[in-house]
Amino acid sequence: MELPLISDEQVEILLSDLLEHYGYDFTGYSKASLKRRVIRLYSLDKIPGFAEFRYKIINDNVYFKRFVEQITVNVTEMFRDPVFFKTLRDVVLPRLGTYPFIRIWLAGCSTGEEAYSIAILLKELNLLHKSLIYATDLNPSVLEKAGQGMFQLSYMKQYSENYILSGGKNDFSSYYTAKYSLAKFDDELRSKMIFSTHNLVSDHSFNEFQLILCRNVLIYFDRDLQHKVLELFDDSLEDLGYLALGTKETIDFSRISRKYKRLQSEKIWRKTN
Amino acid sequence: MENCEALIIGGSAGSLDVLLRVLPAIKPDIRFPVIIVIHRKHGADSLLPELLSGRTRMEVKEVEEKEEIVPGTVYVAPSDYHLLVELNRTFSLDYSEKVNYSRPAIDVTFQTAAEVYKKKLVCLLLSGSNSDGVNGLQTVKEWGGMAVIQNPDTAQVAFMPQQAKQHVKIDRILNIEDMAEFINLLS
């Protein structure tokens, strides 16, 4: 280990390159986390020097995509925080079930594990046929993976445990077929998902939803950007709709909080009218 | 060291007992925050802060993301997130890949704090069964901070402090009964 391979100033240079050349704005991201990701990639790819790193990102479109994919965090799992999914199952989704049509926005869906988890809940509640899950992310490559609905078979034991803890009563393996080392999830689940790129930093509201989930995304943003994104969610949520965030995230500091009422002990808020 | 601006304590297997013994003897008016990163099972969330707050008059809280770091407060890293220190002396959380099979990883907190507090950082590594924290202590040294470990002979699981001792130029090696006094004198 030696002193940091990349300085704060150099990170700033990369961020302004991304904005200038590609229109991707990472300037509102939490710096410590972002810098760690940049240094990690720089060592992983054994880049000989900062100038070369910068040159590759600006001029090599394939490498640029890798860069964005690697500096953003795409770690996710099915039914992560089972108690949260239990609340969706027992409280939130049944209430939404009274609507003729349910629109759900999963913002920052990464490789899709949560989208499939929600689809399974909807199916078990007999609501899938009248629901649509809009799953968005800024990375086209993770969306491509999400659309395939295939996850590592070796994770299924953990996911099945999560599923049971979230109140699932079925045999979890009935939702997928094993193909070599992968578990391919049923096309019926996939048929109610729309995957699309959307950048929370720069893109606008594109529909009105009854439920917006955005879990463990805001932690990577600074407070100013969090304010902005929460307003985007507020603009995209119908009255009496629900907003769900990650375990350690909150709307309490935000201007929108006065319009929202928190549900039990979960990080779920309902918009009041 | 004078004017310590942050103390970070990292530990794994066998470290909780040490904390429970040391915490009551730390003076509640110390002028720096105590940040605790302990490996624990995901899901046992609020128990650790509760357990610790019974042992001190300082405020003990599980870290909220973007929270400002206040002296005289004991912060506990939430389970299943990495805990990072930002240049503006706030915390941020990160759900990226595990490091040393751990999340939170002690390395991540030590390393990000090293750059922020530089010479005014003290990091203490306790008992544990993997080598998380060792790279972090190295970074702390590179930025001029102080690297301290529990005497491996007194550790329930000696591996972690032993690894640190082997790979890092350690400033102080402490027995459990000397830790509180050492910490009180940092203020």
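Leaving aside neighbours within four places in sequence, B:Pro104 is in contact with B:Val37, B:Ala77, B:Tyr81, B:His82, B:Leu83 and B:Thr109 (contact: C-beta atoms, placed from the backbone, within 7 Å). This is a predicted model, where local features need pLDDT of at least 70, side-chain atom pairs count only at pLDDT 80 or more, and totals for chains, interfaces and linings use all residues. Residues are numbered from 1 along each chain as its sequence is written, with chains lettered from A and ligands numbered from 1 in the order in which they are written.

**Around B:Pro104**
- B:Pro104 sits in the loop between strand E6 (91-94) and H3 of chain B (helices, H or I with at least four residues, and strands, E with at least two, are DSSP runs numbered from the N terminus).
- B:Pro104 counts as buried because it has 28 C-beta neighbours inside 10 Å (buried: 20 or more other C-beta atoms within 10 Å of a residue's own; exposed: 12 or fewer; partly exposed: in between).
- From B:Pro104 to B:Gln150 it's 46 residues in sequence and 20 Å in space, C-alpha to C-alpha.

**Chain B overall**
- Chain B has six helices and nine strands.
- Its radius of gyration is 14 Å, close to the 16 Å from the globule rule for 187 residues, so chain B is as compact as a globular protein of that length (the radius is taken over C-alpha atoms, and the rule is 2.2 Å times the number of residues to the power 0.38).
- The C-alpha atoms of chain B fill a box of roughly 35 × 35 × 30 Å along the principal axes.
- Of the 187 residues in chain B, 52% are buried.
- Among contacts in chain B with a separation of 6 or more, 70% come from residues 24 or more positions apart.

**Helix H4 of chain B**
- H4(B), residues 134-142, is mostly covered, with seven of its nine residues buried.
- Those buried residues pack against helix H3 (106-117), strand E7 (121-125), strand E8 (146-150) and helix H5 (159-167) of chain B.
- After H4(B) comes B:Gly144, with a positive phi near 95°.

**Where the chains meet**
- 14 residues of chain A are in contact with 20 residues of chain B.
- On the chain A side, helix H2 (residues 31-44) gives the most, with four residues.
- That side of chain A has six nonpolar, three polar and five charged residues (Ala, Val, Leu, Ile, Met, Phe, Trp, Tyr, Cys and Pro are nonpolar, Asp, Glu, Lys and Arg charged, and the others, Gly among them, polar).

**Helix packing in chain A**
- Helix H1 (residues 8-22) of chain A and H2(A) pack at about 85°, with axes 11 Å apart (axes are lines fitted to C-alpha atoms, for helices over the stretch in contact, and angles run from 0 to 180 degrees between N-to-C directions).
- H1(A) and H2(A) are therefore roughly perpendicular (65 to 115 degrees; under 35 is roughly parallel, over 145 roughly antiparallel, the rest oblique).
- The contact uses A:Asp8, A:Val11 and A:Leu14 of H1(A) plus A:Leu34, A:Lys35 and A:Val38 of H2(A).

**Sheet and hairpin in chain A**
- An open, seven-stranded sheet with mixed pairing runs E6-E2-E1-E7-E8-E10-E9 (chain A) (strands pair if DSSP finds at least two bridges between them).
- Strands E6 (193-197) and E9 (260-262) of chain A stand at the edges with a single partner strand each, so one side of each has no neighbour in the sheet.
- Strand E2 (residues 131-137) of chain A runs parallel to E6(A), joined by five bridges.
- Elsewhere, strands E4 (residues 176-179) and E5 (residues 182-185) of chain A pair antiparallel over four bridges.
- Their hairpin has two residues between the strands, and A:Tyr180 there takes a positive phi near 55°.

Notes: Two residues are in contact if their C-beta atoms, placed from the backbone, lie within 7 Å.
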